[in-house]
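Colleague: I am new to this structure and would like to learn how to read its features. Please take them one at a time.

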Amino acid sequence: MKGTDSSDLWWKTGLVYCVDVESFLDSNGDGVGDLAGLTRRIDYLAELGVTCLWLMPFYPTPGRDDGYDITDFYNVDPRLGSLGDLVALLRTAHDRGIRVIADLVLNHTSDQHPWFQRAEEDPDSPEHDFYVWRDSEPPDTSDLVIFHGEQKGIWSWSEKAGKWYLHRFYKHQPDLNVSNRRVRNEIAKIMGFWLQLGLDGFRVDAVPQLLTVGLHDDIENDGFTDPHGYLGELHAFMRRRSTDAILLGEVNLPYREQETLFGEPPAVELDLIFDFVAMQNLYLSLARGEAGPISAALRTRPPIDPANQWVTFVRNHDELALDQLGEAEREEVFAAFAPEERQRAYGRGIRRRLPPMLEGDQQRIRMVYSFMFSLPGTPALFYGEEIGMGEDIDAEGRQAVRSPMQWAPGPAGGFSEAEPEDLVAPVVGGDFGPENINAHDAAADSQSLFNFIRRLVAARRRCLALGWGSTELLEQPETAVLAHRAALEANDFVAAVHNFAAEPVETRVLIPDAAPGDELEVLVDVGTTDDDSKEPIDEGEHAHRIRKLTVEDDRRVPVALGPYGFLWFRPFSLGPGGIF
């Protein structure tokens, strides 16, 4: 049996959707989104085509880092509901065919966690060695700080303990010492608990930091010398508890280092990894209006085991990180999309969502999402992306992109019945506010971004090559254009052509194994210079409007694209296994 004939690897052809529970929907009018509110919107996610719901941290927290500062790994923050509410969400999502994964924050705890409080108070307590300490004053570590401008170093002094403790993130988030066997056992218990309740896996936060903290010079490693082996052990433990659960890794590193974290069967480490390299080079191509940077990135994207997967994305819940670009390249992206200092974060990223960055240009926005969905891999959306939400640039740090979901017109955007001043965060105002951007109106408008993304999801599901194939760049002469395809076999492929420029372009795309006269079916077609095809084709409603391209004598297909135009096509066949 071929992998494509099995549903075991469900993540290969899925759509991931990330939700910040407190910002999604308030069910009880207290101004804070909750699990019950999210459960009410599961059918909305099913309609969009979501197959995997990713929950940002919902655990008890002091709330100093949007839930990533955890005080109890075995419970739900009371503001968001209860364990019973979580089980109800899981049951409802599973009933709609949606798996649910949650953030697994293993790098650190809150300094209010009972473990750290006992560690500070008693150096002889077992919990003291749950963290990383040093007696002598540390050297200057300002170059290792993740949050530049907010932290001065990665060590802070504990008056209670009389020692320095390590924190790669905020000082109120002391790092866990994963070289300690008891910590590793506790992590396994945490995973087992949530798997038993019904989670389908985890998004593993800050993987590079997790795997290096245990090798720090200042601690005894307790036999911990192989961080990759440890990640593999976590994966093996998870699969013993749940045979089709996944680990999705946040790994903002170059491809060669990302590749090693997949592991090799049977010693798998991560099932999926976010493709930060392609995402960052996509923005550089957008800034330049030419395809060179993203083409170069895709040429170096390494092949991976068929059971693994890249996760493609345009934006996520953090700042738009640009770490994998050179300094001059990063400045190009800043100049194009974050010209104001307040739009930037920590000297390395952007605190904005895509539509405002592209000044609301719908054709350009759709070109970006078409490109993302046409790449081999599993696409991921951050809540509100599907309707074109903007950011609240007045919010602090990463909170700029975590404003309340906009469900309907009105002061609170349908998010809550509470007064605006009582909301967990202000609703975005201006052109991207709920009067202009909301899910209710978008769902009813056949030409909305929401329905365009639904069509992209439907097109992907008709094309297994997008989940299972590898990326191949196709030869064509225009610098503004990227042509690529995903193929399973010579006659089973999906190709896509995207124009990154604001000017129309005509090009000829080489199809290496095509024969003159072969016909190709157009699947997605927006912004071509063909006046009959400027609107998205809904294949369910307009099957009679199927367009074809014909391969010419030189095995090339002529393509004319308007500004930021794009199209997808594949071999046209009415035989067994052909189109439907």
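Colleague: How are H3 and H5 set to each other: roughly parallel, roughly antiparallel, roughly perpendicular or oblique?

Modeller: First, the ground rules. This is a predicted model, in which local features need pLDDT of at least 70 and side-chain atom pairs count only at pLDDT 80 or more, while totals for chains, interfaces and linings use all residues. Residues are numbered from 1 along each chain as its sequence is written, and side-chain values use heavy atoms, without hydrogens and water.

Modeller: Two packed helices are described by the angle between their axes and the distance between the axes. Axes are lines fitted to C-alpha atoms, for helices over the stretch in contact, and angles run from 0 to 180 degrees between N-to-C directions. Helices (H or I, at least four residues) and strands (E, at least two) are DSSP runs, numbered from the N terminus. Helix H3 (residues 83-95) and helix H5 (residues 181-197) cross at roughly 60°, and their axes come within 10 Å. H3 and H5 are therefore oblique to each other; angles under 35 degrees count as roughly parallel, over 145 as roughly antiparallel, 65 to 115 as roughly perpendicular and the rest as oblique.

Colleague: Which residues of H3 and H5 meet?

Modeller: From H3 come Leu-83, Leu-86, Val-87 and Leu-90, which meet Phe-193, Trp-194 and Leu-197 of H5; contact means heavy atoms within 4.5 Å. By class, that contact has 7 nonpolar, no polar and no charged residues. Ala, Val, Leu, Ile, Met, Phe, Trp, Tyr, Cys and Pro count as nonpolar, Asp, Glu, Lys and Arg as charged, and the others, Gly among them, as polar.

Colleague: At what angle do H9 and H10 pack?

Modeller: The angle between helix H9 (residues 276-288) and helix H10 (residues 292-300) is about 160°, and their axes are 7 Å apart. H9 is therefore roughly antiparallel to H10. Residues in the contact include Val-277, Leu-284 and Arg-288 of H9, and Pro-293 and Ile-294 of H10. The classes here are 8 nonpolar, 3 polar and 1 charged.

Colleague: How many aromatic pairs does a search of the whole structure find?

Modeller: The search finds 31. Rings of Phe, Tyr and Trp (its six-membered ring) pair if their centres lie within 6.5 Å; planes under 30 degrees apart count as stacked, over 60 as edge-to-face and the rest as tilted. Phe-116 and Trp-133 are stacked, because their ring centres are 5.8 Å apart and their planes at 5°. Phe-116 belongs to helix H4 and Trp-133 to strand S4, so the pair ties together parts that are 17 residues apart in sequence. Trp-133 also pairs edge-to-face with Tyr-165, at 6.2 Å centre to centre and 70° between the planes.

Colleague: Is Phe-116 buried or exposed?

Modeller: Phe-116 counts as buried, at 1% relative accessibility. Buried means under 20% relative accessible area, exposed over 50%, partly exposed in between (1.4 Å probe, protein chains only). Trp-133 is buried at 8%, and Tyr-165 is buried at 6%.

Colleague: What is the phi of Asp-66?

Modeller: Most residues other than glycine have a negative phi, and most peptide bonds are trans. Asp-66 has a positive phi, near 50°, and lies in the loop between strand S2 and H3. Asp-66 counts as buried, at 9% relative accessibility. Glu-359 also has a positive phi, of about 55°, but counts as exposed at 73% relative accessibility. Glu-359 is in the loop between helix H12 and helix H13.
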